[in-house]
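The following exercises ask the reader to work through a protein model step by step. Each task is followed by its solution.

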Amino acid sequence: MGKPADVRRCCGAAAGGGREAAAFPVPQYEGREHGYSARNTNSCPPLEELRAQQQAIDAWYVGWADGLDDADFARTVGFTLIGGNRGSMTCGEILIHVVTHASYHRGYVADMIYDTPGHRPPTMDLPVYMREGRAAV
């Protein structure tokens, strides 16, 4: 760990669960397979490319969520996991997963930063962040 490629991969994941996770299960909503065969990619795109990809998936999710009605939140969506196993979640569960899963990756990146001599990650605990942010204003 701690190599630039590892950090870029984790930063991409921290942005929204990574290209693979962030796209979960977008292709399957659209009637196609996701096309991934592994949880991690062999190459790490430049951060600018990761940002553009994340912005595109964010826009897709915002549009999708805006179009949901009450019945849609309870609708179950089937999908295939990368290992080939089948799974299903309601649209509401998928939204919760997408919103909260990135925190897992952000925590991992913060841990990697702590392991880098002379670096300290930013505060990621919301109440502390809010207190410090208000005090700075």
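**Exercise 1. The setting of Leu126**

Task: State which helix holds Leu126, and decide whether Leu126 is buried or exposed.

Solution. The model is a predicted one.
Step 1. Leu126 is found in helix α7, which covers residues 126-136.
Step 2. The relative accessibility of Leu126 is 56%. Because the class "exposed" begins over 50%, Leu126 counts as exposed.
Step 3. Leu126, Tyr129 and Met130 make a nonpolar surface patch of about 320 Å².

**Exercise 2. A pair of strands**

Task: Describe how strands β1 and β2 pair, and name the bridge partner of Thr76.

Solution. 
Step 1. Strand β1 comprises residues 76-80 and strand β2 comprises residues 86-90.
Step 2. The two strands pair in the antiparallel sense, over five bridges.
Step 3. Thr76 has Thr90, in β2, as its bridge partner.
Step 4. Five residues lie between the strands of this hairpin, and Gly84 takes a positive phi near 100°.

**Exercise 3. Thr80 and its contact**

Task: Determine whether Thr80 is buried or exposed, and identify the side chain with which the side chain of Thr80 makes a polar contact.

Solution. 
Step 1. Thr80 has its place in strand β1.
Step 2. The relative accessible area of Thr80 is 16%. Since a residue under 20% is classed as buried, Thr80 is buried.
Step 3. The side chain of Thr80 makes a polar contact with the side chain of Arg86, at 2.5 Å.

**Exercise 4. The salt bridges**

Task: Give the number of salt bridges in the model, and classify the accessibility of Arg75, Asp72, Glu132 and Arg131.

Solution. 
Step 1. Side chains of opposite charge can pair when their charged atoms come close. With a cut-off of 4 Å between nitrogen and oxygen, the count comes to two salt bridges.
Step 2. Arg75, at 37% relative accessibility, is partly exposed, whereas Asp72, with a relative accessible area of 18%, is buried.
Step 3. Another salt bridge joins Glu132 and Arg131, whose closest N and O atoms are 3.9 Å apart. Glu132 has a relative accessible area of 40% and is therefore partly exposed, while Arg131, with a relative accessible area of 52%, is exposed.

Terms used
Residues are numbered from 1 along each chain as its sequence is written. This is a predicted model: local features need pLDDT of at least 70, side-chain atom pairs count only at pLDDT 80 or more; totals for chains, interfaces and linings use all residues. Side-chain values use heavy atoms; hydrogens and water are left out. Two strands pair if DSSP finds at least two bridges between them. Helices (H or I, at least four residues) and strands (E, at least two) are DSSP runs, numbered from the N terminus. Patches are made of residues with over 30% relative accessible area and no salt bridge: like charges are joined within 9 Å, nonpolar side chains (Val, Leu, Ile, Met, Phe, Trp, Tyr) within 5 Å. Accessible areas come from the Shrake-Rupley method with a 1.4 Å probe; for residues, only the protein chains shown count as cover. A salt bridge is a side-chain nitrogen of Lys or Arg within 4 Å of a carboxyl oxygen of Asp or Glu. Buried means under 20% relative accessible area, exposed over 50%, partly exposed in between (1.4 Å probe, protein chains only). A polar contact is a pair of N or O atoms within 3.5 Å; within protein, one must be able to donate a hydrogen and the other to accept it, and residues adjacent in sequence count only if both atoms are side-chain atoms.
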